[in-house]
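I opened this notebook to record what I looked up on strands and charged pairs.

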Amino acid sequence: MHKLSEEMNNIEKIKNIINDIEYEFETQKNEIEKAITSFKDLIKNERFDFENKKLKSNKKYANLKELYNKLLDEKNYNLTLINNDQNDLLAIENENFDLRGQIEKQEINNAELRRSLEHKKVSAIDSKKKLDLLYKSNQTKESKLISKVSECKKYLGLDFNVVEGNKIKVLFNKFCKDETFECYVVLDLSDGYNIIDIYPKVINIERYSTNLKDKTRFFELIQDVRKIFVKEYCK
């Protein structure tokens with residue numbers, strides 16, 4: 001009996017131990033499930049945080065990339081401006097170089113022009129002096145010629161009229177007893193001395209023109225024409 005009681009006690013102890021083990025197991029199971037749930041929640045929260053951080057990171061990356069592209073575009077734009085400025089500066093330097101060359105060339109031309117003007121001024125002064133001398137000489141010759149023409153008109157019975165252009169009419173009188181008798185000859189002075197008309201018409205123009213074509217001095221020609229008239233009308 002005592003042995004049975006002891007066995008029953010042992011069984012009760014074992015049962016209590018099993019209950020304790022089951023309780024402990026359930027407790028640990030619950031704790032593990034809580035831990036798993038907490039871990040899942042933690043993972044879920046961590047994942048949510050990760051997604052948020054990833055989204056923020058992507059957004060920040062996109063902003064940084066956009067900023068980088070803007071900075072890169074601005075850099076390229078500034079480089080283009082710098083290159084353009086350098087090209088403009090180079091063009092300006094080349095233009096200034098060409099301009100300096102043109103200025104130097106113009107200064108040389110101006111110096112040569114001043115020398116030329118000085119030379120021309122001196123030449124003009126010399127020419128004026130020569131012209132003054134020539135004018136005085138011509139005045140003297142003209143005065144003598146006028147005097148000679150006046151003498152011809154007075155003593156030789158000559159008079160001169162301009163017909164047109166280079167044509168002149170030379171009148172002859174006082175070469176015979178009848179002083180009222182008047183003859184004339186029209187000369188074209190364009191190319192030497194050419195007789196184009198004569199009065200009276202008894203004189204052959206072509207024949208006398210041939211005879212007079214070698215005359216180079218005007219008064220020599222007039223003298224010969226007068227001789228012809230005297231020969232024809234003062235026989």
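In which sense do S2 and strand S3 pair, and over how many bridges? I found that S2 and S3 (residues 183-188) pair in the antiparallel sense, over six bridges. Strands here are DSSP runs of E with at least two residues, helices are runs of H or I with at least four, and both are numbered from the N terminus. Two strands count as paired if DSSP finds at least two bridges between them.

Note on the source: I am working on a predicted model, where local features need pLDDT of at least 70, side-chain atom pairs count only at pLDDT 80 or more, and totals for chains, interfaces and linings use all residues. Residues are numbered from 1 along each chain as its sequence is written, and side-chain values use heavy atoms, with hydrogens and water left out.

Entry, sheet. The hairpin of S1 and S2 has two residues between the strands, and Gly 165 takes a positive phi near 55° in it.

I then read off the strand order, S1-S2-S3-S4, for an open sheet of four strands with antiparallel pairing. S1 and strand S4 (194-199) stand at the edges with a single partner strand each, so one side of each has no neighbour in the sheet. Neighbouring strands of this sheet are turned by 20° against each other on average, direction ignored; the axes are lines fitted to C-alpha atoms, for helices over the stretch in contact, and angles run from 0 to 180 degrees between N-to-C directions.

Entry, salt bridges. I used the rule of a side-chain nitrogen of Lys or Arg within 4 Å of a carboxyl oxygen of Asp or Glu, and the count came to two salt bridges.

One joins Glu 164 to Lys 167, with the closest N and O atoms 3.5 Å apart. Glu 164 is partly exposed at 48% relative accessible area (buried is under 20%, exposed over 50%, partly exposed in between; 1.4 Å probe, protein chains only). Lys 167 also counts as partly exposed, at 25%.

Glu 66 forms a salt bridge with Lys 70, the closest N and O atoms being 3.7 Å apart. Glu 66 and Lys 70 lie four residues apart in helix H1 (residues 2-155), so about one helical turn separates them.
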